[in-house]
Amino acid sequence: MDSSLSSSNLNVKEFLRPLLLGLEEEDLDELAQAAALRLFSPGTVICHEGEPGDAVYFVVEGQVDILKRLDDENERFLHSLRSGEIFGEMAIVQESVRTATVRTAEPTAVLEIAKDPFLAVLGRSPSLGIRILVRMTNRLRDTDQKAISELRQVNQELTQALHQLARLDRTKADFIRLSAHELRTPVAALLGYAQMMKNNPLVQANPQLSELVHGVVTGTARLHRVFNSILDVSRVMTGEIEIHRSPVSIPVILEGIFIEFRQALADRGLTLERVGIKGMPICAGEPDLLYKVFYHLVSNGIKYTPNGGRIVVTGRMVDLPDLGLCIEVAVEDTGIGIAPQDLDLIFEKFYRTGEVELHSSGTTKFKGGGPGLGLAIARGGVEAHGGRIWAESPGYDEKTCPGSRFVVQIPFVEVGQESVETPPGLVANATTPDDAVSGG
Ligand code: ADP
């Protein structure tokens, strides 16, 4: 139903008079003559948001709701209007489109006045102008207030949710750390006994037994490394550890790592080149933490490069606009590469690319899967030193092997200038020497 009731017994002029107090008699007459009474059934949209406005409306009877579209599916209720209230005037006065949708909430009668006669009277009557202005300002203020209090409410709910998440995250990190800690202790004992068995002459004299014990030692050592990595990462996650700087030689750290992987490199036919490492100055940093950073990068270079490939570790000093003088170490390989969408994600804890079940096991085997913690630990270590780490790669391709490059930049702190510190939002890692060679 959307009909004009010209025979209605409503006295339009007298209905409008109190609503438009101060209007000249002839202006009132003109508006009354231009007004058409319209009846709408509930749920009818009288004004569509976004459409041009061509009339203003006075509610005679019933109720309309003012609604604003939030997205394709949701709308927000702003307020309701009842008898004697005007709507649709904003688009007319501003000569713009409707800024909200108006829908009837019940059977509703309205007076519709077309844009031209309304604007003609408005142009002549300052009192009508002021009245419209006051109504518009009040309405905007009400809408603002409503939006602000809704925002406050949502903000409060979000803050509560955030606190709850932080609590849960903390509980999870505590649980991970405690479990890893509890499990590592018996595994360390197991590893010790297994190594003793391996060295026992009786075992060594029996090739079959020796092979079995070797399997036990390798598996237990791997388990031990995984627990160490979990402990490392849980420290990085909880953000509670201070960084204790002492004199560190990056060349010595890297040399230690190269020695550690010498056999693996030989077994896999990989070459490892060093460029510019020797000349790097002694700096103040946390040796264990820096060892882990580069250990995981070199270990990954080995793991994700097929036999016969090359790993190049380059060191240099760089002066950067934001970080100042920095130590930069890049680990580059001729391996399988990394897809663009994974370049950031690989630094998340427990994130591994590709099909996890296809990974082989071991820290130096080709695609030897780790728990996905190495790069999270490396990032934690670098950030704890106030630096940054990122990965570059043309893409992932196991056939063409485009390679990857990991770059670490750490602000250079001169020996003697060091202090105990924890960079904001970042974590350093106090470790036992035992943790220093945990694999990723
Ligand atoms: P993981 O224990 O799986 O090695 P990391 O945190 O060290 O865990 O690495 C996360 C993922 O990043 C790896 O599973 C691998 O997919 C990818 N990745 C890391 N380093 C390299 C690299 N040098 N070349 C290709 N992919 C790499």
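The bend at a residue is the angle between axes fitted to the seven residues ending there and the seven starting there. By this definition, helix α8 bends by about 50 degrees at Phe 261. The model is predicted, so local features need pLDDT of at least 70 and side-chain atom pairs count only at pLDDT 80 or more, while totals for chains, interfaces and linings use all residues. Residues are numbered from 1 along each chain as its sequence is written, and side-chain values use heavy atoms, with hydrogens and water left out.

Helices (H or I, at least four residues) and strands (E, at least two) are DSSP runs numbered from the N terminus. Helix α8 comprises 19 residues, 250-268. From its first C-alpha to its last it reaches 25 Å, close to the 27 Å expected at 1.5 Å a residue; the expected span is 1.5 Å times one less than the number of residues. Phe 261, where the bend falls, is among the buried residues of α8, which also include Ile 250, Ile 253, Leu 254, Ile 257, Phe 258, Ala 264, Leu 265 and Arg 268. Buried means under 20% relative accessible area, exposed over 50%, and partly exposed in between (1.4 Å probe, protein chains only). An α-helix has 3.6 residues a turn, so residues three or four places apart point the same way.

An oxygen atom of the ligand is 2.8 Å from an N or O atom in the side chain of Asn 300. The backbone contributes as well: a polar backbone atom of Leu 375 lies 2.8 Å from a ligand oxygen, and a backbone N or O atom of Gly 372 lies 3.0 Å from one. Taken alone, the ligand exposes 530 Å², and the protein buries 99% of that; these areas come from the Shrake-Rupley method with a 1.4 Å probe.

Most residues other than glycine have a negative phi. Glu 95, in the loop between α3 (89-94) and β8 (101-104), has a positive phi near 50 degrees, and Glu 95 counts as exposed at 63% relative accessibility. Cys 401, in the loop between β17 (388-392) and β18, has a positive phi near 45 degrees, but Cys 401 is buried, with a relative accessible area of 17%.

Conventions:
Polar contact = N/O pair within 3.5 Å; in protein donor to acceptor, adjacent residues only side chain to side chain.
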